[in-house]
Amino acid sequence: MSVKLSGGAFRRAVIFIIAASAAVIGGAAAQQQPPPQIAGGVERHSQAAPVIQGVSVTGNQRIEAETVGSYLPLQAGMPADPELLDLSLKTLFNTGLFSDVSLEMQPNGVLLITVKENPIVNRVIYEGNKRVKDDKIAEEVQLTPRAVYTRSKVQADVQRIIELYRAKGRFAATVTPKVTPLDQNRIDVIFEVDEGPKTGIAKVNFVGNEVFTDNELRGVILTKQSRWWRFFSSNDNYDPDRLEYERELLRQHYGKNGYADFQVVSAVAELTPDRKNFFITFTIDEGPQYTVGEVRVKTTLAKLDEDTLVRFVPIKPGETFNSEKLEKATEAITFATGATGYAFVDVNPQLSRFEDTRTIDLTFQVNEGPRVYVERINIKGNTRTLDKVIRREIRIAEGDPFNRVLVDRSRARIRSLGFFKEVAIEETPGSAPDRTELDVTVEEQSTGAFSVGVGVSSTDNFIVDFSIQERNLMGRGQALTFRVQASSRTRLVDLQFTQPYFLGRNLAAGASAFNQRTNFREAGFVRNRIGFGLNAGFQVSEYGRGGLSYLLSKDDVEIDQLVSQTIGIDDDPSSVLIPGATPASDIIFLNSAGVQVAAGDPDATAQFFSANLCDVIIQSQSPTCQSRGNFLTSLIGASLSFDTRNDPIKPSRGWRAGVSARFAGLGGDVNYYQGEATAAYYHPLFAGFVGSLKGRAGYIEGYGGDDVRLSDRFFEGASSFRGFEVAGVGPRFLSLGGPAVDQDGVATGQGQLPVIRDGQLLGQAIGAKAYAIGTAEILIPLPLPEEYGIRAALFSDFGSVGLVDDSTKILNSDPSLFIDTDGDGIGDLAPIQDDFSFRVTAGVSVSWDSPFGPVRFDFAEIIRKEEYDRTEGFRFSAGTSF
């Protein structure tokens, strides 16, 4: 007799099998059994389970019989206990290898196990998915090629795909799994995806708000109502995980405005019947607004003065309570105590509410905290950058006492590398109560850049600049720049390499080679420069750095400009040209009407020809012509800088300053010394506004009988002095428009006509030996999500640019070269203008970290200038990165 077992009826059936098998095996022996035993008034029958003589497996194709037997808690020779048989069946099902299992006890005592194997997945195919790529879905699902197929896995994967679409804001998405059978017990699994419409936010409502309007509160939270212009944002999609974060944002907003008892009673999201939009409703309880009462600091540490610590608290009695300042006050006190030598302090702010007066007294209890040491420093998220590049910027080492000041400084140093989008340092418990681990988590960002800059001005239509740069070569922190610039004014090939930690020491070393041709049309010269440079940088303090450099370059300055000359019919062309110079074109003869006539024509009254600018006597003494020729420059330099800003990318507090000096004359043909200084100060103002003051200054002077060449002077304007064109501010050689005439049109010989374009005097920039430029700027917090990357600032640029050598102003000694500005035939304005006068501009600067790269717009208005300055009211630049 045999009975086949499978599935849920196993328990009852197995008892029947055992009983039936016992009857067959026992046979007539049952009549030889002793009479029933009576114990405690209850009749008990003793009946032993049959012994399993062997185990046989059938139905298996890929899985060996020994493998199936290894899952069983039963072996041959053991009794067929019902509990063990039940456990065996469950165990085989739980392996996930079989779609069906049955047990059959044979008359000869052999336990026959019949299995039906689950199929093997040949391929996993996704159909209908457009918004989510195959590889993204594959990262979430369990089923993969060559995996064992089970219904439970399919159901779980369907739910995972749906959750993936919900995270993308598509709550109407459905997934239908299908199976295509293949030979050899293989199948193709197909997930048919109906993505459905994008689920947006129809409305965000607030209930219980009286102090702030719905619109104001909508600006606080991250979730936004769906609008057509938010095509770059994902915050107008419903995300259930975001609701808890929205609660916290609302709490922070009310907390910093004095509502310490604020709470979000509920946050409910309702899906519309068409499953296209959500209505989100926040029910809130604002509570009363509190002001700050008393502010005290209490401490048991002997070296700390309570009155001194109070000065570090950025909260004053009488002001509106601000919960954000509590954390800042705690950090400030921790910083102050850490600076005095207390690495282990516990700052506990205690709030005492007084509802009758609606005030809150603050007491900061400062006690010695438990001694904690850094056990390990873990670097996470650096998928590209090597660990050592990050670790060498960390100011605290494993085994050191934990110090919050050094931890914050480490974060700032890592961010200043510019390799990471986000940097976070978190503490996690160590192996003992006095041990902690620091998890340094970074998010890599693109460090290679392909940039394009475009400028618009009244003199140039567009200026385009291309460059390729990698600031984190192979994740080693090395910088490699290969720049090829092509524009209407510049052709440049530049190769630079920098090793920030040379020979494993905190010593940066670099080299560069370049070939540049610049058509500096504002100054009227073309410079071809080729050279190479060496540089080194080193740490002088925690916030200070020094540098040394050497540059060897060869300059070829050309004046490739023709000017027209008109002389009398009897004059010799050599009378207006320097000795040895000849006209650059054939001589044309003109009559009194200015019409060309043949040579020797009796009506000819004048000669007309073109000549090189610097071959003309009157122009040869100009600053431009004085600087032409070939020059070899051998230059050494040194620099020193300090930076205490809280964030090197978007600073809101702190300062930076630097000075540099360069000395040319260590060989070569050029002798000068040059010094420059820069400084900036940042400070938070109010309501998210950040103010900054910046300044730059420089001076250059020749020595050994050399004056400063034109190409070595300072040229300011455009991005360095907004509101002015490139080299649009500073000393200028005004263009000469020909001899001035009296009212009868007769040349007076006492001046030159002005050249005017766009209402401005035309001339050439000749550079300056000195400049001092400052900027006052206020960063404006825009009512836009930070993810948009749009920033705006009000600015005012002001300063002076001027001073040239006396030899540069030699034309000013000839009154006949002065410009006649009032039309009386007598010159009244010197041709070389060098007024170290004060200029002022103001305007708005808008920057956008667009999907195509950084974009910047500058709108400027001139407040104070000189009449010969060249101005522009708008400038635009753009770039992209990889």
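Predicted model: local features only at pLDDT ≥ 70, side-chain atom pairs only at ≥ 80, totals over all residues.
1. Asn-185 is a residue other than glycine, yet its phi is positive, near 60°. With a relative accessibility of 25%, Asn-185 counts as partly exposed; buried means under 20% relative accessible area, exposed over 50%, and partly exposed in between, using a 1.4 Å probe and protein chains only. Strands here are DSSP runs of E with at least two residues, helices are runs of H or I with at least four, and both are numbered from the N terminus.

2. Strand 8 and strand 9 (residues 186–194) pair in the antiparallel sense over 9 bridges; two strands pair if DSSP finds at least two bridges between them. One of the contacts to look up joins Thr-176 to its bridge partner in strand 9, Glu-192. The open sheet has 3 strands in the order 7-9-8, with mixed pairing. Strand 7 (120–127) and strand 8 (174–182) stand at the edges with a single partner strand each, so one side of each is left without a neighbour in the sheet. From one strand to the next the twist averages 20°, where axes are lines fitted to C-alpha atoms (for helices over the stretch in contact) and angles run from 0 to 180 degrees between N-to-C directions.

3. **Aromatic pairs.** A pair of aromatic rings is described by the distance of the centres and the angle of the planes. Rings of Phe, Tyr and Trp (its six-membered ring) pair if their centres lie within 6.5 Å; planes under 30 degrees apart count as stacked, over 60 as edge-to-face and the rest as tilted. By this rule the count comes to 14 aromatic pairs. Among them is the edge-to-face pair of Phe-171 and Phe-278, at 4.9 Å centre to centre and 75° between the planes. Phe-171 lies in the loop between helix 5 (151–167) and strand 8, and Phe-278 in strand 12 (residues 277–285), so the pair ties together parts that are 107 residues apart in sequence. Phe-171 is buried at 8% relative accessible area, and Phe-278 is buried at 6%.

4. Ring pairs link Phe-212, Tyr-254, Tyr-259 and Phe-262 into a cluster.

5. **The second largest pocket.** What is its volume? The second largest pocket has a volume of about 1400 Å³. Of the 44 residues that line this pocket, the closest to its centre are Ser-416, Ala-508, Gln-539, Arg-545 and Ser-641. The elements that give two or more residues to the lining are helix 11 (404–416), strand 24 (525–539), strand 25 (544–558), strand 30 (629–643) and strand 31 (654–668). On a 1 Å grid over the protein atoms alone, a pocket is an open set of points where a 1.4 Å probe fits, with protein on both sides within 12 Å along at least five of seven lines; lining residues have an atom within 4 Å of a point. Grid points are joined across faces, edges and corners, and a volume is the space filled by probe spheres set on the points.

6. Strand 32 (residues 672–684) and strand 33 pair in the antiparallel sense over 13 bridges, with Tyr-681 bridging to Leu-693 in strand 33. Their hairpin has 5 residues between the strands, and there Ala-687 takes a positive phi near 50°. Strand 33 also pairs with strand 40 (residues 770–780), again antiparallel, over 10 bridges, and Gly-695 stands opposite Gly-774 in strand 40.

7. **Ala-727.** Ala-727 is found in the loop between strand 33 (690–702) and strand 34 (732–734). Although not a glycine, Ala-727 has a positive phi of about 55°. Ala-727 is buried, with a relative accessible area of 4%.

Definitions and conventions
Residues numbered from 1 in each chain as written. Heavy atoms only, no water.
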